[in-house]
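Hi,

Here is the structure I promised to hand over. Have a look first, and my notes follow below.

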Amino acid sequence: MITRTLLLSAALVVAPLALAEHGVIEKPADAPSSTVVFSPELKHALADADPDRGARLSQTQMCAACHGNDGVSWSGQWPSLAGQPAEYTYKMLVDYAEGDRAQTKRAYMMHTLARELSEQDMLDLSVFYATFDLPPASEEKLAYSDATIGLVRDGDGKRLVAPCASCHRNLGQGQKYDIPALAGQRVDYFVKTMQDYADGSRRNDVYGRMRAIAEALSDEEIRELANYYATLDGNR
């Protein structure tokens, strides 16, 4: 069993978080984006985690109420977690718990839930959701242009926008350690996430990578990327 201190830096000691009156966590501008360290101890802990216990926790901790019994969310207000890399889900839970992802009211709600979880709870929930296939591709006719496919495959060097596929892979499957799967994700959630990155209200991306990309994209481009990934079958 690993302790949180092995996984997290001491940055919060020197840059304490403050609870704002309107119910979100405000972080200093120079605070680290995340305190998760993908150490050998963490890798072993994830490998030894119990997905069956995670399944039980998903019911008792009310996860399924928003994210669905099989990790496919009930609406675009919430992300689908099915098939996400366990490392990514774990990082999100820690980021929520530590206040590194609690700068919007919706994220603050997750902060209040995640901080009640133990280290083992987070590990077990993460590997549980990783046992599922990715969400099925949307059957809706969602529009996107050839330019959107170009952003996915080639990016835009003039705007320093890397190809989406270079991190999230060709089928949107994501990968270790902090790269989420995008295939089959809810359109509204995808759009809101990118908007939060663009305006800086979500800041738990290491090196600010997603903030820089989202800020460079137009609202139309973000919507079309959301449509593209919602219709992508990542289980092929």
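**The cavity and the rest**

The lining of the largest cavity divides by class into six nonpolar, four polar and no charged residues (Ala, Val, Leu, Ile, Met, Phe, Trp, Tyr, Cys and Pro count as nonpolar, Asp, Glu, Lys and Arg as charged, the others, Gly among them, as polar). Before you go on: this is a predicted model, where local features need pLDDT of at least 70, side-chain atom pairs count only at pLDDT 80 or more, and totals for chains, interfaces and linings use all residues. Residues are numbered from 1 along each chain as its sequence is written, and side-chain values use heavy atoms, with hydrogens and water left out.

Back to that cavity (on a 1 Å grid over the protein atoms alone, points where a 1.4 Å probe fits but cannot get out; lining residues have an atom within 4 Å of a point). Its volume is about 30 Å³, taken as the space filled by probe spheres set on the points. Among the residues lining the largest cavity are Ser80, Leu134, Pro135 and Gln185.

The second largest pocket (an open set with protein on both sides within 12 Å along at least five of seven lines) holds about 250 Å³ of space. It is lined by 14 residues, with Ser138, Glu140, Gln185, Arg186 and Val187 the closest to its centre.

On confidence, pLDDT (the predictor's, per residue, from 0 to 100) averages 89 for the protein chain, and 90% of the residues score at least 70. Residues 1-22 stay under 50.

Cheers

Note on methods: Contact means heavy atoms within 4.5 Å.
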